Amino acid sequence: MEKIDIKSMALPELEALLKEWGEPRFRAGQVYTWMHQKQALSFEEMTNLPKALREKLEEQCRITRLSVRRKLVSQLDGTIKYLYELPDGETVESVLMQYHHGDSLCISTQVGCRMGCNFCASTLLGLARNLTPAEMLEEVYLAGRDSGRKVSSLVLMGIGEPLDNYDNVLAFLRILSSEQGFGLSLRHVSLSTCGLVPRIYDLMREKLQLTLSISLHAPDNETRSRTMPVNRKYPVEELMAACRKYFEETGRRISFEYALIQGVNDTEECAEKHAALLAGLPCHVNLIPVNNVTERGYQKSSPRQIKKFIAVLERHHINTTVRRELGADINAACGQLRRADKGEGATC
Ligand code: SAH
């Protein structure tokens, strides 16, 4: 019999399970706190539970844990890049970055990705499987345990498309932010999507405090469909309509990611179109000089071109930043460590 993945269970689910076992209600809260606050990795450690209950838990349930397969530490800025091994031997990446406001962790939501964005290394091997809520929680917990640092904000921008693993990501966020769980406010969480429009509406209805981040990367259907196949299904107009509705309903300002690729999407004309798309929408634009992916021959835009692009957006009063490059010496771009470990692509 397959053991129950108890670390993926929300508190009410755990309460229902232990009630079935004839346990008093408060026991579920104890087990939950052990797993998510004290981050116990065995039932044996849960010393305030009766021994018989610990034994039954051991027999019927498992506490998912990950291990660090590789770890790269930047000598430039302290960024740590982890390659984690999952219980079935698959691997995913997380990156811990230091900012003046605290440490931010970037986590993966799937093993691989099936979205096919052609500038992204994560998608080159396709999708192997979804991550479970427990595996995503462990990405956060293990980064904290291993580094001794406190994860104070989180971005779902590693390998995978979070909205393609919707139910597990939502379950993960609920446990992560619950008071008896890890207790991280969703105000400190950003979820990045390539634009699965129906799921954006679903997320809107959840009315969460998180920041929605849209990987736009091109302001018109022709360019966007060329680099991001998802655009053929959900074109720019539908995506922007969903974003406007999302802001109206949640009051949460949206963030737009735009990776600048030399000669592909970095002209002033593109910047003008980009500004027109966002007109009147309270938002933030994050420009990212594209990380080179050798297979595609894509190059970063020149600093001069980036300046021109910013100037256009600023003329239209659009709040714009350029992402600071962290971990440049450890090649922190997502998906590259996992591929190198599998013997494909450039090594780090
Ligand atoms: N699937 C989600 C989240 C994972 S990708 C999404 O698409 O948003 C996280 C971010 O990194 C996205 O904005 C993605 O477009 C960007 N990205 C992927 N490859 C990149 C590269 N080579 N250079 C710069 N940004 C890249």
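Is Ser 192 buried or exposed? I kept in mind that this is a predicted model. Ser 192 has 10% relative accessibility, and buried means under 20%, so I put Ser 192 down as buried.

Next I looked up where Ser 192 sits: the residue belongs to strand 10, which covers residues 189-193. I then checked the neighbours, leaving out residues up to four places away in sequence, and found that Ser 192 touches Leu 156, Met 157, Glu 161, Pro 162, Ser 213, Ser 215 and Glu 257.

On to a pair of helices. I noted that the axes of helix 1 (residues 11-20) and helix 2 (residues 26-36) come within 8 Å and cross at roughly 130°. Helix 1 is therefore oblique to helix 2. I logged the crossing of the two as right-handed. From helix 1, I listed Leu 11, Leu 14, Glu 15 and Leu 18 as making the contact; from helix 2, Arg 27, Ala 28, Gly 29, Val 31, Tyr 32 and Met 35. Sorting the residues of this contact gave me 7 nonpolar, 1 polar and 2 charged.

My last entry is on Lys 56, which I found in helix 3 (residues 51-60). With a relative accessible area of 30%, Lys 56 is partly exposed. I also looked up Phe 43, 13 residues away along the chain: its C-alpha atom and that of Lys 56 are separated by 9.5 Å.

Methods
Residues are numbered from 1 along each chain as its sequence is written. This is a predicted model: local features need pLDDT of at least 70, side-chain atom pairs count only at pLDDT 80 or more; totals for chains, interfaces and linings use all residues. Side-chain values use heavy atoms; hydrogens and water are left out. Helices (H or I, at least four residues) and strands (E, at least two) are DSSP runs, numbered from the N terminus. Buried means under 20% relative accessible area, exposed over 50%, partly exposed in between (1.4 Å probe, protein chains only). Contact means heavy atoms within 4.5 Å. Axes are lines fitted to C-alpha atoms, for helices over the stretch in contact, and angles run from 0 to 180 degrees between N-to-C directions. Angles under 35 degrees count as roughly parallel, over 145 as roughly antiparallel, 65 to 115 as roughly perpendicular and the rest as oblique. A crossing is left-handed if the near helix is turned anticlockwise from the far one by less than a right angle, and right-handed if clockwise. Ala, Val, Leu, Ile, Met, Phe, Trp, Tyr, Cys and Pro count as nonpolar, Asp, Glu, Lys and Arg as charged, and the others, Gly among them, as polar.
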